[in-house]
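Colleague: Before we discuss particular features, could you show me the model and then take me through how each kind of feature should be read?

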Amino acid sequence: MRVIGIGPGGARQITLQAIDAMADVDVFVMLDKGSVKDGLLQARREILDRHAPGRRVLALTDPPRDRHPDDYDAEVRRWHGARAALIETALLAELTDGGVAAFLVWGDPALYDSTLRIVDDLASRRALDLSVEVIPGVTSASALTAAHGIVANRVGEPIHITTGRRLADTPSGADTNQIVMLDADLTFRHTAEDDDHIWWGAYLGTDDEILISGRVGDVTDEIVRVRAEARERIGWIMDIYLLRKG
């Protein structure tokens, strides 16, 4: 089993190591999240057409998930378990002994992605004899700072990586430079000061890339508007931002 990081979306941000890892894969497993995010599935297929043409793709319908549960952690664990059960059944039917299956993971598999947890679940079930190899990928965090041409921190300052859901919980002292992911609500609107600085980016590395930066008090409305327009036009959005204390 290979878990291959493919970067934040740009075809040229895929590493040579990732391309080599795709070469002898028998089946690529992809979770189909429905028509709203069909573009994400199609982007993976285009990557395979370019770097591993002719390889078999196993597209599975992603199990449903409660987006507003009373117990977020419990719901995520249930959802991951449902995904593991679905993938296990499919691989037992589709993969021969000694075959190689792989997942293509946006960004890097170690940074706010569930694939490795699902693979751990698969291994614990013991129905599949798994040997796991992880291929790192360019992170959306590094793609963001590169696109804006900035360093993620001022001299000697820490960098805190978090999610929109946890942004308000960042302790004092860790909030100097924050890279914020998975923030559909743009939570910085409620936690940042007007003089704080933000570097925001969406669809990094792709033809649809959008970059906005400036004082929070000056650019917040623009980010909200542009983000909503892009999501409506494309059907999905992946974005990230760096928030720095003024």
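**Reading charges, domains and backbone**

Modeller: A search of the whole structure finds 15 salt bridges, each being a side-chain nitrogen of Lys or Arg within 4 Å of a carboxyl oxygen of Asp or Glu. This is a predicted model, in which local features need pLDDT of at least 70 and side-chain atom pairs count only at pLDDT 80 or more, whereas totals for chains, interfaces and linings use all residues. Residues are numbered from 1 along each chain as its sequence is written, and side-chain values use heavy atoms, with hydrogens and water left out.

Colleague: How should I read one of these pairs, and which residue meets the side chain of arginine 2 in a salt bridge?

Modeller: The general idea is that side chains of opposite charge can pair when their charged atoms come close. Here arginine 2 meets glutamate 133, with 3.1 Å from N to O. The pair links distant parts of the chain, since arginine 2 belongs to strand 1 (residues 2–5) and glutamate 133 to strand 5 (residues 133–135), 131 residues apart; helices (H or I, at least four residues) and strands (E, at least two) are DSSP runs, numbered from the N terminus. Arginine 2 is buried at a relative accessible area of 14%, while glutamate 133, at 38%, is partly exposed; buried means under 20% relative accessible area, exposed over 50%, and partly exposed in between (1.4 Å probe, protein chains only).

Colleague: Which residues form salt bridges with arginine 215?

Modeller: Aspartate 195 is one of them, the closest N and O atoms being 2.7 Å apart. Because aspartate 195 lies in the loop between helix 6 and strand 8 (197–202) and arginine 215 in strand 9 (residues 210–215), this pair ties together parts that are 20 residues apart in sequence. Aspartate 218 also meets arginine 215, at 2.8 Å from N to O. Aspartate 195 is exposed, with a relative accessible area of 54%, and aspartate 218 is exposed with 54%, whereas arginine 215 is partly exposed at 31%. Salt bridges that share partners also join Arg2, Asp24 and Glu133 into one network.

Colleague: Turning to the domains, how is the chain divided, and how many salt bridges are found across the interface?

Modeller: Domain bounds come from an automatic or database domain assignment, which gives domain 1 (2–135) and domain 2 (140–244). The C-alpha centres of the two domains lie 26 Å apart, and the contact (heavy atoms within 4.5 Å) takes 12 residues from domain 1 and 14 residues from domain 2. The area buried between them is about 1,200 Å², of which carbon and sulfur atoms give 70%; buried area here is the accessible area (1.4 Å probe) that two parts lose on being put together, summed over both. Pro8, Leu111 and Tyr112 supply 45% of the area that domain 1 buries against domain 2, more than any other three residues. Across this interface the rule finds 0 salt bridges.

Colleague: Within helix 5, which residues are buried, and what covers them?

Modeller: In helix 5 (residues 140–148), the buried residues are Ser140, Ala141, Ala143, Leu144, Thr145 and His148. Their cover includes strand 7, strand 8, strand 9 and strand 10 (239–244). Glycine 149 follows helix 5 and has a positive phi, near 70°.

Colleague: Is arginine 227 buried or exposed, and which residues does arginine 227 touch?

Modeller: Arginine 227, in helix 7 (residues 216–234), counts as buried at 9% relative accessibility. Not counting residues up to four places away in sequence, arginine 227 touches Asp183, Ala184, Leu186, Trp200, Ile237 and Asp239.
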